[in-house]
Amino acid sequence: MDKNSNPAADARAAATGLWKTFAASAAAMVIGLACLLQATAQGNAFTTETLRRTEVADAPTLVPDLAIHDAAGNSSTLRQLLAGGGRVWIVDFVYTRCQTVCTSLGSVFQKLQQQIQARGLEGQVGLLSVSFDPAHDTADSLGAYRDRMRMDPAIWRVVSLSSPLDRRELLDAFGIMVIPAPLGEFEHNAALHLVTGPGMLVRIIDYDDATLALETALAASP
Amino acid sequence: MSGGPWQRPSLWIGLTLCVLGSALSVPPWRSLIEQSMVWHMVVQMPMLVAGGWLLAGSGIKGLGMQRFADWNQYGLTGFIASQLIAAYWMLPLAIDRAVVLPQADALKLVSLLACGAMLKASFDRSPAVLQLFFVGYAVAMLSSAGVFLATTDRRLCNAYSLDSQWDAGSGVVALGIALGCAWAWRLFRDTRRARSPMLKPH
């Protein structure tokens, strides 16, 4: 501070500055908090995973109509398959070489298959595993996976993309992020995706909540 | 300190940190932050904040934000703004977005450099008590977020493996501790200078 300055004028200047500071701080606080709330879906989602689940529950999205093939080598498209049978589908994403999280997803699907069989819900709920590793998952690999998982073809289907170029579009549409892991494996966010007949992705549910997924699918089935 | 700003080491170290921090967002170095949460959260982000801090303190006209001094008495505005920026970049979804979207990554570079510069401007204008309030809050935020990242079994970032997240969590705790220590060191240094009769006669 200048030695020759007038203390009264200094105090006045400081007080004016203080109001400016309070205004600027309040503005920074309001803008900052608004940005944080906007980014987190009003404080509901702090991870990408919860955000995509919140967004899908609020506004269901149409899945892309990509060319696929099954273990028998039959070609079709994703929406055609989903439209077949007028069922609600519980969809998960796999690669057949997977030893880690897909194994637990596989056992979740096995349990769901048992429940669907036991309660005779074949006409209402279907299970669909989609491979995101089209380069590797040929019809033969899918067949081996189907046998290993003891899939009941009336309930549980496994398909792969016919064109590896569609992989990005598939993953983006469902909000899956795949990252390479050691030993040629992948790590990815895993969940149960509920898709209705016309190909609308309506809910994403944690794979620990298989029962909730089944009940939600039943409630959504026509 | 003597000489023009171009003779000060803080300017050159600051510039180096800014360049290195920004380079981590550009291929081929980008793969480091894409594959490792530690490189992203514990190396790149603090590097940018430190770079912004040093550039703001380098004496280059305008970078010290003296023009905004009236709006930043006691450093209050700068503290609030930088705290909010830091909080945003600790959100797992913000970290994911910076990995996936180049626009979000560019926003990260700019906002964290600004965060560092604002912190420097605010530190220079604030009494130790106010610094303690904000530094204490930042240390608490970093260490609790770090412990959570390091101990949870949930993968919080879709872009990173659980192993990478655990390592980053430990790193964030270390950052929190380092920040607290750096602040305490600075306070001791300034107190000693202030008491020294050579510099400030009472």
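Why is strand E5 of chain A largely enclosed by the rest of the structure? Select residues 125-131 of chain A: seven of the seven residues of this strand are buried, so E5(A) is largely enclosed by the rest of the structure. Here a residue is buried if 20 or more other C-beta atoms lie within 10 Å of its own, exposed if 12 or fewer, and partly exposed in between, with C-beta atoms placed from the backbone. Helices (H or I, at least four residues) and strands (E, at least two) are DSSP runs, numbered from the N terminus.

Two conventions apply throughout the tour. Residues are numbered from 1 along each chain as its sequence is written, while chains are lettered from A and ligands numbered from 1 in the order in which they are written. The model is predicted: local features need pLDDT of at least 70, side-chain atom pairs count only at pLDDT 80 or more, and totals for chains, interfaces and linings use all residues.

**Stop 1**

Show the side chains of E5(A). On one side are Val125(A), Leu127(A), Ser129(A) and Ser131(A), and on the other Gly126(A), Leu128(A) and Val130(A); all are buried, which leaves both faces covered.

**Stop 2: the neighbours of E5(A)**

Asp92(A) has Ser129(A) in E5(A) as its bridge partner. Then select strand E6 (residues 156-161) of chain A, also parallel to E5(A), with five bridges between them. Ser129(A) stands opposite Val158(A) in E6(A), and Ser131(A) stands opposite Ser160(A) in E6(A). From E5(A) the chain crosses through helix H5 (residues 139-148) of chain A to E6(A), and this β-α-β crossover is right-handed. The term means that, with the strands pointing away from the viewer, the path from the first strand over the helix to the second runs clockwise.

**Stop 3: the whole sheet**

Strands of a sheet pair through backbone hydrogen bonds, either parallel or antiparallel. Two strands count as paired if DSSP finds at least two bridges between them. Colour the eight strands of the open sheet in chain A, whose order is E1-E10-E9-E4-E5-E6-E2-E3, with mixed pairing. The edge strands are E1 (61-62) and E3 (75-77) of chain A, each of which pairs on one side only.

**Stop 4: a hairpin**

Select strand E7 (residues 178-181) and strand E8 (residues 185-188) of chain A, an antiparallel pair joined by four bridges. Pro180(A) stands opposite Phe186(A) in E8(A). Three residues lie between the strands of this hairpin, in which Leu183(A) takes a positive phi near 65 degrees.

**Stop 5: loops with particular backbone geometry**

Go to Gln42(A), in the loop between helix H1 (7-39) and helix H2 (48-58) of chain A. This residue is not a glycine, yet its phi is positive, near 55 degrees. Gln42(A) is exposed, with 10 other C-beta atoms within 10 Å.

Arg150(A) lies in the loop between H5 and E6 of chain A. Although Arg150(A) is not a glycine, its phi is positive, about 50 degrees. Arg150(A) counts as exposed, with 10 C-beta neighbours inside 10 Å.

In chain B, select Pro27(B) and Pro28(B): the peptide bond from the former to the latter is cis, with omega near 5 degrees. Pro28(B) belongs to the loop between helix H1 (9-23) and helix H2 (30-35) of chain B.

**Stop 6: chain A as a whole**

Zoom out to chain A, which has seven helices and 10 strands. Its C-alpha atoms fill a box of roughly 90 × 40 × 30 Å, taken along the principal axes. Of its 222 residues, 34% count as buried.

**Stop 7: where the chains meet**

Display both chains: 20 residues of chain B are in contact with 24 residues of chain A, a contact being two residues whose C-beta atoms, placed from the backbone, lie within 7 Å. On the side of chain B that touches chain A, helix H4 (76-88) and helix H5 (92-100) of chain B each supply at least two residues. H4(B) gives the most to this side, with seven residues.

Finally, colour by confidence. For the complex, the predictor gives an ipTM of 0.83 and a pTM of 0.85.
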